[in-house]
Amino acid sequence: IACIYLSKLFYDEKQSNKLISDYSSGKLLSSEVKGLFADEIIKFVNKFQKSLIKVKKKDLDKCILKNR
């Protein structure tokens, strides 16, 4: 599953093909692929949290539909 997530969500086509090839041939173990996936998820979450801090209440009020 980690291999699929990496190839579909985080890596470009060239990186995906190399990852799948290395994993299929046994050059990469499942634990190594899971480690790569964990690293990418951590980077993604950190970037998301930094972006989330920049969102202000007035920005949310513009975007959220309210029942009136």
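A: The protein has four helices and zero strands, and the model described here is a predicted one. Read along the sequence, the pattern is α-α-α-α. The part requested is helix α1, which covers residues 2–10.

Within helix α1, the buried residues are A2, C3, L6 and S7. Viewed down the axis of α1, these buried residues fall within an arc of 130°, so they line one face of the helix. An α-helix has 3.6 residues a turn, so residues three or four places apart point the same way. On the other side of α1, K8 and L9 are exposed. The buried residues of α1 have partners elsewhere in the chain: they pack against α2, residues 13–25, and against α3.

Each of these two partners may now be considered. Helix α2 contains K18. K18 has a relative accessible area of 52%; because residues over 50% count as exposed, K18 is placed in that class. Between the C-alpha atoms of K18 and E32 the separation is 14 Å, and these residues lie 14 positions apart along the chain.

The patch lies on the surface and is formed by I41, F44, V45, F48, L52, V55, L60 and I64, which together have about 700 Å² of accessible area. One of its members, L60, is located in helix α4, residues 57–63.

Along its principal axes, the C-alpha trace spans about 60 × 20 × 20 Å. The radius of gyration is 18 Å, whereas a compact globule of 68 residues would have one near 11 Å. Of the 68 residues, 18% are buried; A2, C3, L6 and S7 of helix α1 are among the buried residues. The accessible surface comes to about 6,100 Å², and carbon and sulfur atoms account for 60% of it. Among contacts with a separation of 6 or more, 48% are between residues 24 or more positions apart.

To return to the part requested, helix α1 has one face lined by its buried residues, and these residues pack against α2 and α3, while K8 and L9 are exposed on the other side.

Note on methods. Residues numbered from 1 in each chain as written. Predicted model: local features only at pLDDT ≥ 70, side-chain atom pairs only at ≥ 80, totals over all residues. Heavy atoms only, no water. Patch = residues over 30% accessible without salt bridge, like charges linked within 9 Å, V, L, I, M, F, W, Y side chains within 5 Å. Areas by Shrake-Rupley, 256 points an atom, 1.4 Å probe, with all protein chains shown as cover. Salt bridge = Lys/Arg side-chain N within 4 Å of Asp/Glu carboxyl O. Helix = DSSP H or I, 4+ residues; strand = E, 2+ residues; numbered from the N terminus. Buried < 20%, exposed > 50% of the residue type's maximum accessible area, 1.4 Å probe, protein only. Arc of directions from axis to C-beta. Contact = heavy atoms within 4.5 Å. Rg over C-alpha atoms; globule rule 2.2 N^0.38 Å.
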